[in-house]
Amino acid sequence: VDFDDTPEEAEFRAHVRDWLSTNAPPFCADLPADHSGADYVACGRNWQKHKAQSGFASIGMPRVVGGRDASAMMEVIFGDEESRYGLPIGPFITIGTQLVAPTILAYGTPEQVNSTIHSTLFGDTLWCQLFSEPGAGSDLAGLRTKAERDGDGWIISGQKVWNSWAHVADWGILLARTDSEVAKHKGITYFLLDMRSAGIDVRRIRQISGESEFNEVFLTQVRIPDSCRLGAVGEGWKVAMTTLMNERITVGAESPHLPNVQSLIDLAAQRGSRSYRARIAQFAAQEQGMKYFRYRLLTQLSRGETPGAIAALGKLMYSKLLQDISATALDIGGLNALYPAENVTEFEKFQHGYFWGAAMRIAGGTDEILRNQLAERVLGLPGDFRVDKNIAFSAIASSG
Ligand SMILES: Cc1cc2nc3c(=O)[nH]c(=O)nc-3n(C[C@H](O)[C@H](O)[C@H](O)COP(=O)(O)OP(=O)(O)OC[C@H]3O[C@@H](n4cnc5c(N)ncnc54)[C@H](O)[C@@H]3O)c2cc1C
């Protein structure tokens, strides 16, 4: 990886800066305070559409589906510049643009690509991810939501949980078991689910922070046409890996709502907290390392290569660093950071970062699971015990 902008990238960055300086500010004004509400999401859709109309929606995607056909580095440059503004961007958009669209592009039929990707990039279709279940999170392949053949379609029954933004999503990506008589990873199929279908009950989960971004989703005899199956029957695990790999690469991109090392440096300087210098220097080194590691993954992607299990490292490092940066800021603030007497906003970002860091250490694969993957697939260490790996799912004791 070349760390400096090439002349072409520098020109693109200048163009993006110029475009954002006139186009972003109106979309940052008067945003609703509740970031999990429908009004905020509507602002996000408008910004996404505006970007798409100027060719900035998903820069790495092919032009024919609404992208710009540019390199992954150009995508990073746009994201870096965009993050300087307090714009209404969030997972309600990026689940679609960064997780779903690349998966459909890789596995979709021409009809699926044509009917979904353009509307996703233009903010007209929002997506949610219906993977986790009450008994299947880390052990995702143990999922029990069933899909049974019914003429030219499928009937789905089961329960999903922790589904971010399902309450505003138009469509969902769904994993369901189509065959219990083969090993657990082999009997899963991947579907695209219209969230307005009959039989779907989305129930919001109220978080301790007061926000409500997660949901439980109950599926009772929901019909999905076979044309909404993504990939072959029984190949859902392979398709899901593309989605999860993109999720792990996405985490760690700059966000205006989360603290970074610079915000900690500013705080420490303001408070004259010299005793934290060595710790902050270590965080700065980690942040740089992660940034370039992420560029390396993106470079691989832009060359058409798949980064593989090593992609887990970025998410593992980022979520821990986010918590460490936030914890150090709260340390610097002392009791004032916990119960701010006057200047509430100074520590709000770090309080949020501390809790969000904890969530990030679980979402899209927990720290422990990612460490297992790195140990086994990157370092070649002996595997975890997996007693249910090569037996039919129906023979696993609790699968009844
Ligand atoms: C912010 C956030 C957003 C999310 N969004 C979505 C979403 O949109 N869609 C969706 O489908 N899901 C979503 N999830 C769910 C997420 O994918 C799961 O929470 C995650 O995979 C962990 O599963 P679990 O909660 O069932 O924990 P469990 O799998 O029950 O794990 C409990 C603990 O046991 C540990 N553990 C489990 N197995 C092992 C092992 N083999 N070795 C060592 N330790 C182990 C785990 O590391 C963890 O500490 C989200 C979660 C969060 C936090």
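Contact means heavy atoms within 4.5 Å. The model shown in these views is predicted.

**View 1. Overall fold of the predicted model.** Among contacts between residues at least 6 apart in sequence, 74% join residues at least 24 apart. The protein holds 13 helices and 8 strands. Its radius of gyration is 22 Å, close to the 21 Å that the globule rule gives for 400 residues, so the protein is as compact as a globular protein of that length. Along the principal axes, the C-alpha atoms fill a box of roughly 65 × 45 × 40 Å.

View 2. Of the 400 residues, 47% are buried. The accessible surface comes to about 19,300 Å². Carbon and sulfur atoms account for 52% of that surface. The protein carries 39 positive and 47 negative charges.

**View 3. The hairpin of strands E2 and E3.** E2 spans residues 146–150 and E3 spans residues 153–161. The two strands pair in the antiparallel sense, over 5 bridges. Ala147 stands opposite Ile156 of E3. The hairpin has 2 residues between its strands. Here Gly151 takes a positive phi near 60°.

**View 4. Strand E3 beside strand E7.** E7 covers residues 214–225. It runs antiparallel to E3, and 8 bridges join the pair. Ile155 has Arg223 of E7 as its bridge partner. E3 also pairs with E2, again in the antiparallel sense.

**View 5. Strand E4 with its partners E1 and E5.** E4, residues 171–177, is mostly covered. Of its 7 residues, 6 are buried. Strand E1 (residues 127–130) pairs with E4 in the parallel sense over 4 bridges. In that pairing, Trp127 has Trp171 of E4 as its bridge partner. Strand E5 (residues 188–194) pairs with E4 in the antiparallel sense, over 7 bridges. Arg177 stands opposite Ile188 of E5.

**View 6. Ser273 in the loop between helices H8 and H9.** H8 covers 261–271 and H9 covers 277–302. Ser273 has a relative accessibility of 15%. Buried means under 20%, so Ser273 counts as buried. Leaving aside neighbours within four places in sequence, Ser273 is in contact with Ala268 and Ile332.

Notes: Residues numbered from 1 in each chain as written. Predicted model: local features only at pLDDT ≥ 70, side-chain atom pairs only at ≥ 80, totals over all residues. Heavy atoms only, no water. Rg over C-alpha atoms; globule rule 2.2 N^0.38 Å. Buried < 20%, exposed > 50% of the residue type's maximum accessible area, 1.4 Å probe, protein only. Areas by Shrake-Rupley, 256 points an atom, 1.4 Å probe, with all protein chains shown as cover. Lys, Arg positive; Asp, Glu negative; His and termini not counted. Charge placed at Lys NZ, Arg CZ, Asp CG, Glu CD. Pairing = 2+ DSSP bridges.
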